[in-house]
Amino acid sequence: MAGSSKSGSSPEEEMQISFANHNFVEPKKEINMFPDMSKWKRSKPVEKLIVLLNTLDKWIDETPPVNQPSRFGNKAFRTWYSKLEKEAENLVSNVIPHELKAAVIETAVYLKESVGNPTRIDYGTGHEAAFAAFLCCLCKIGVLQVDDQLAIVLCIFDRYLQVMRKLQKTYRMEPAGSQGVWGLDDFQFLPFIWGSSQLIDHPTLTPAHFVEEKVVNEHHKEYMFLECVRFINEMKTGPFAEHSNQLWNISAVPAWSKVNQGLIRMYKAECLEKFPVIQHFKFGSLLTINPVGS
């Protein structure tokens with residue numbers, strides 16, 4: 001009969017069967033503020049980068065931690081990393097168009113550098129900076145466009161953070177170059193900068209609110225800064241003022257714009273101008289290093 005499938009069921013019947021066990025939910029608003037448009041307006045390269053990061057996430061599930069005497073630095077991370085080292089160029093080639101394939105080798109280096117060190121099994125702001133460099137390279141060669149700027153932070157970088165946190169928790173990665181309670185965070189810095197800019201001129205949330213656990217739990221899915229704080233609360237115990245003293249001090253700043261400006265200065269001083277961080281950074285034709293005065 002015309003319109004019937006090989007199984008004898010009509011398309012309508014097959015659709016009903018496919019949704020029989022579907023988990024339906026009540027629809028809710030997702031586009032509440034202008035930055036939320038990045039969830040809706042995604043270019044093809046943005047979608048491909050999300051797929052890339054989803055692949056890294058899937059590999060974590062496929063590479064469970066091993067039993068070992070040491071509590072930290074699970075050696076299964078090296079197995080996971082070896083997959084990335086082997087497949088990085090293939091992953092990046094799915095993002096970069098064929099006519100720019102010569103850029104794959106150079107760009108893939110930053111992806112491999114962005115997930116932590118397989119020897120020390122640690123992760124820090126230098127690795128985070130490598131992912132920012134990876135995105136910068138994609139911008140420079142025109143894969144990512146100006147119209148993607150919101151999605152770069154709120155979709156791509158946010159998904160990257162989710163994968164990095166999963167790596168940190170699964171393989172109990174050590175913080176690379178952590179300053180302990182005197183550092184902003186054991187692992188990240190950039191999401192605090194971008195997250196504070198997201199909250200500038202917010203009608204109700206002030207810097208003082210992020211030390212209130214109730215506020216964080218209510219709004220962490222909407223704001224990158226609060227999600228960072230939520231993760232700290234999950235991973236650390238004790239009074240916030242003791243385990244995250246720098247952030248506690250920041251909560252006393254009256255406006256998010258001031259927080260943002262201060263964090264940018266702090267990032268430059270504590271990350272970009274620190275030899276222990278920059279000594280590991282790699283330069284090529286897309287991201288070059290110029291002698292002073294040139």
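Guide: Ser244 counts as buried because its relative accessibility is 2%; buried means under 20% relative accessible area, exposed over 50% and partly exposed in between, with a 1.4 Å probe and protein chains only. This is a predicted model, in which local features need pLDDT of at least 70 and side-chain atom pairs count only at pLDDT 80 or more, while totals for chains, interfaces and linings use all residues. Residues are numbered from 1 along each chain as its sequence is written, and side-chain values use heavy atoms, with hydrogens and water left out.

Visitor: Where does Ser244 lie?
Guide: Helices (H or I, at least four residues) and strands (E, at least two) are DSSP runs, numbered from the N terminus. Ser244 sits in the loop between helix H11 (240-243) and H12.

Visitor: Which side chain does Ser244 join in a polar contact?
Guide: A polar contact is a pair of N or O atoms within 3.5 Å; within protein, one must be able to donate a hydrogen and the other to accept it, and residues adjacent in sequence count only if both atoms are side-chain atoms. Here the side chain of Ser244 pairs with that of His243 at 2.8 Å.

Visitor: How many residues of helix H8 are buried?
Guide: In H8 (residues 190-198), 7 of the 9 residues are buried, namely Leu190, Pro191, Phe192, Ile193, Gly195, Ser196 and Gln198. Their cover includes helix H6 (125-140), helix H7 (149-170), helix H10 (224-235), helix H12 (245-250) and helix H13 (256-272).

Visitor: At what angle do the axes of H7 and H8 cross?
Guide: Axes are lines fitted to C-alpha atoms, for helices over the stretch in contact, and angles run from 0 to 180 degrees between N-to-C directions. The axes of H7 and H8 cross at roughly 145° and come within 12 Å. A crossing is left-handed if the near helix is turned anticlockwise from the far one by less than a right angle, and right-handed if clockwise; H7 passes H8 in a left-handed crossing. Val153, Leu154, Phe157 and Leu161 of H7 meet Leu190, Pro191, Trp194 and Gln198 of H8.

Visitor: How do H4 and H5 cross?
Guide: Helix H4 (residues 76-93) and helix H5 (residues 104-113) have axes that come within 9 Å and cross at roughly 140°. That makes H4 oblique to H5: angles under 35 degrees count as roughly parallel, over 145 as roughly antiparallel, 65 to 115 as roughly perpendicular and the rest as oblique. The crossing of H4 past H5 is right-handed. Among the residues making the contact are Tyr81, Leu84 and Val92 of H4, and Val104, Thr107 and Leu111 of H5.

Visitor: What is Thr107 in contact with?
Guide: Thr107 lies in helix H5 and counts as buried, at 0% relative accessibility. Leaving aside neighbours within four places in sequence, Thr107 is in contact with Val92, Ile96, Phe134, Cys137, Leu138 and Leu286.

Visitor: And the chain as a whole?
Guide: The protein chain has 14 helices and 2 strands, and 41% of its 294 residues count as buried.

How values were computed:
Contact = heavy atoms within 4.5 Å.
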